[in-house]
Amino acid sequence: MKRFLTILMFVVFLCADVVAQKLPGEDGRTPALEFAYFPHRQYTFVWRNWSVVEKGKLAAILGTSVEKVEELATSMGLSKKQTIEKEWATKQGYITILRRNWHLLPYEQIMQLLGMSREELKFHLIEDDFLYDKLGKIKPYCTQLRYVEPTAEMRERAKEIAKEIKGLGINPFVTEEPRFEFIREFEEVKGPAIQPQKDESGFDLKIVYPYFANYGDALLDKDMTTYPEEMFRRLAEVGVNGIWIHVVLRTLVEPDDKGFPGDSRAAERIEGLKRLVERAAKYGVKVFLYMNEPRGMDPEWFDSTPERKAYGGYTIKGIKSFCPSNPEVLNWLTRSLERVFSQVKGLGGIFTITASENFTNCTSRYKYYKRCPHCGSGSYAKLQAAINTAMERGVHKVAPEAEVIVWDWKWPDNECKEIIENLPKNVRYMCVSEWGMPINRGGVKSKINEYSMSVVGPGERAIRNWGYAKAAGLKCMAKVQVNSTWEMSITPSIPVLDLVAQHAENLSKEGVDGVFLSWSLGGYPTENMKLFQSFDKKSTANEAVEKLAREEYGEEVGKLVREAWRECSATYPEYPFNISAIYNGPHHVGPSNIFYTTPTNYDATMVGIPYDTYDRWRIIYPIDVWYGQMSKSAEGFEKGVSLLKKAYKIAKGDVKKRVWEQLNRTEAIRIHLQSSAEQGRFFEARNLYLKEKDSAKKAEYKEIMRKACEAEIKLIKDMMPVMSADSKIAYESSNHYFYIPSDLGEAYLSINYALRQLTE
């Protein structure tokens, strides 16, 4: 009987573990998309993975031989030889692989492809900056993919693809610069340690997220490969003195005797954090921890013991909040941060997001917090202040010199004043500079949320709240984006330096003490960042930009570069901004987006997959206004490209290389803006065509689709050399590569397929 009970308990344990590791959307039955321009799903699989996964693994997943996989590849015109960069197998490339196989493989085969356990994949989907949201919060239903012997029809279509792809002019599987090559420029330290210089702007803190730093569980990397010394040296060179890193607090501490969560590998992460702090300190750069805490947990975790039950608040979408009305929850925050800062000397500090972002505490969702029987009757403002105070107490108990930056992200306007007044006096208060600023784009009036470089702050909300903070005796910080943003995320920087300089001047005059220069994107050391270091209170924004152009490019070339910046800055404010639109639009993937001739019935996802659902791209704009504004915004970049081509012709030496980088980025942005417009035109006409009964009208819509296809083909051909030559294009740290050159090839196939259908 005892043996039976032991076996039964073991079975129950195993079953509980399987339930605990159930992957998001695993039971979904929404059919995956089919890609009819390929002869069969196995061909799509080989095409999409030939540049990123070794053919031996592809063969293992298909359950066939390497020779059979090579035959599939070569029949479509791909070379039998593969060149796979090592980064694809690391945390710098897996999101790209995951995204391109989302509609091709079930979870089990995705885990095999990525070399991840079920537990690892679940962690990444949930904790890697809303990765499951970026994939659409739905797992398309895919049957197991196994090799089938190609039919004669499949072989014939594969031959057609091999001929068709030659029309691109450039082989999409052979690039001038390998993907991830930009990492190589940071592998060796190329100069002496440069401590960030004191500047005249008054910004004593300038914090960024390093360009290609691992957004996931970076601290388990013993060599800190995504935080190379040369990155710190070059960031210090452009005035940066702080970087931030994404962490989940429970992974940095051991489970404690009060039943709070912890992690068995916490000690390893602490050692990794020590190495990171030491490395950054060589260059005068401090490390700050992102605190979006305490992270909500599965309801089953709270139900597992009576004491845990008392820690819980309410449940949203299968996640339960921690209740800040329980003193033990606040005490856990305090003692956990006390432990981290006592173990890692020299940490720069933390910044907090206590409303929204991930579902964390009961007050992280303002409109729902009254659902908690404990918090609902209390003061929202005082609860928010208490959470921030608990974290501040833990940090400053052992590291009084560390900074605690309290970010008001998603605090309700009517609660801000009281929260600020109840904060500890030794924290810094931060808000998004441009939040709430009114705009009129194409006759559509709205307000900016955040992530806008097309409007120059600060706005009324920021000025008002900084006033409350200053009255309370707090230092103030501004959250801005100075390099790139979700309006346009595919280049290291957007060459709108007039807008950047004006923002810097405005913030300097406003008496802001520090600037948070980027979220996960926009952390490459560039001229845009340098403006904040070299900005002189005595100079105007225009004088600062002209001075920078001369210093970086010389007198003659600098004049042309400066004019290019002016042209880009002039039309960028035409960008059809809306916070949902900049998340869901096609501008992140540009001309790599597929032209679907029938509706996909999939919603565009947050900075992930735009599909064809243009209502999610335009949001508040009529579709013709939306794509019209995209085209207007592109006009300045087209003029900028023309000026930079002239600058390139007369530039010499190292200056010529830097002009080329500016030219390539400007051209990439021009293409992405215009491609978004063409996609909007195509899908609008397609939908109208499908609804229309009148044959003359149908013919009119077909003609619009045909012209959009031809325009997009031209943009794909323009984009191929731009992307082939620069591995930085279309890379962003929390999304990895949005697309790679072979995806441009696939989009080209999809458009040719659409044109054939229009003809037929």
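The structure is a predicted model, in which local features need pLDDT of at least 70 and side-chain atom pairs count only at pLDDT 80 or more, while totals for chains, interfaces and linings use all residues. Residues are numbered from 1 along each chain as its sequence is written, and side-chain values use heavy atoms, with hydrogens and water left out.

Helix packing comes first. Helices (H or I, at least four residues) and strands (E, at least two) are DSSP runs, numbered from the N terminus. Axes are lines fitted to C-alpha atoms, for helices over the stretch in contact, and angles run from 0 to 180 degrees between N-to-C directions. Angles under 35 degrees count as roughly parallel, over 145 as roughly antiparallel, 65 to 115 as roughly perpendicular and the rest as oblique.

The axes of helix 2 (residues 41-49) and helix 4 (residues 66-75) come within 10 Å and cross at roughly 85°. The two helices are therefore roughly perpendicular to each other. On the helix 2 side, Gln42, Tyr43 and Val46 make the contact (heavy atoms within 4.5 Å), and their partners in helix 4 are Val69, Leu72, Ala73 and Ser75. By class, this contact has five nonpolar, two polar and no charged residues. Here Ala, Val, Leu, Ile, Met, Phe, Trp, Tyr, Cys and Pro count as nonpolar, Asp, Glu, Lys and Arg as charged, and the others, Gly among them, as polar.

Helix 9 (residues 152-164) packs against helix 28 at an angle of about 110°, with the axes 11 Å apart. That makes helix 9 roughly perpendicular to helix 28. Arg157, Ile161 and Glu164 in helix 9 meet Tyr748, Leu749, Asn752 and Arg756 in helix 28. The residues of this contact divide into three nonpolar, one polar and three charged.

Helix 19 (residues 497-510) and helix 20 (residues 527-534) have axes 10 Å apart and pack at an angle of about 30°. That makes helix 19 roughly parallel to helix 20. Their crossing is right-handed; a crossing is left-handed if the near helix is turned anticlockwise from the far one by less than a right angle, and right-handed if clockwise. Leu497, Val500, Ala501, Ala504 and Leu507 in helix 19 meet Glu527, Asn528, Leu531 and Phe532 in helix 20. Seven of the residues in this contact are nonpolar, one is polar and one is charged.

The next topic is empty space. Rolling a probe the size of a water molecule over the atoms shows where empty space is left. On a 1 Å grid over the protein atoms alone, a cavity is a set of points where a 1.4 Å probe fits but cannot get out, and a pocket is an open set with protein on both sides within 12 Å along at least five of seven lines; lining residues have an atom within 4 Å of a point. Grid points are joined across faces, edges and corners, and a volume is the space filled by probe spheres set on the points.

The structure holds six cavities of 30 Å³ or more. The largest cavity contains about 320 Å³ of space. Its lining has 21 residues, of which Arg48, Arg99, Ser592, Ile594 and Ile609 lie nearest its centre. Helix 5 (94-100) and helix 28 (741-759) are the elements that give two or more residues to this lining. By class, the lining of the largest cavity has eleven nonpolar, five polar and five charged residues.

The second largest cavity has a volume of about 80 Å³. Its lining includes Phe123, Asp217, His246 and Arg269, and the lining divides into seven nonpolar, three polar and two charged residues.

The second largest pocket has a volume of about 700 Å³. Of its 29 lining residues, Glu185, Arg234, Tyr524, Arg658 and Glu661 are the closest to its centre. Among the elements that each supply at least two residues of this lining are helix 11 (229-237), helix 20 and helix 26 (653-691). Helix 26 provides the largest share, seven residues. The lining of this pocket has seven nonpolar, three polar and 19 charged residues.

Some backbone features remain. A cis peptide bond joins Glu293 and Pro294, with omega about -10°; Pro294 is in the loop between strand 3 (286-291) and helix 13 (299-303). A cis peptide bond also joins Gly457 and Pro458, with omega about 5°. Pro458 lies in the loop between strand 10 (444-447) and helix 18 (460-471). Phi of Glu357 is near 55°, a positive value in a residue other than glycine, and Glu357 is found in the loop between strand 6 (349-353) and helix 16 (380-398).
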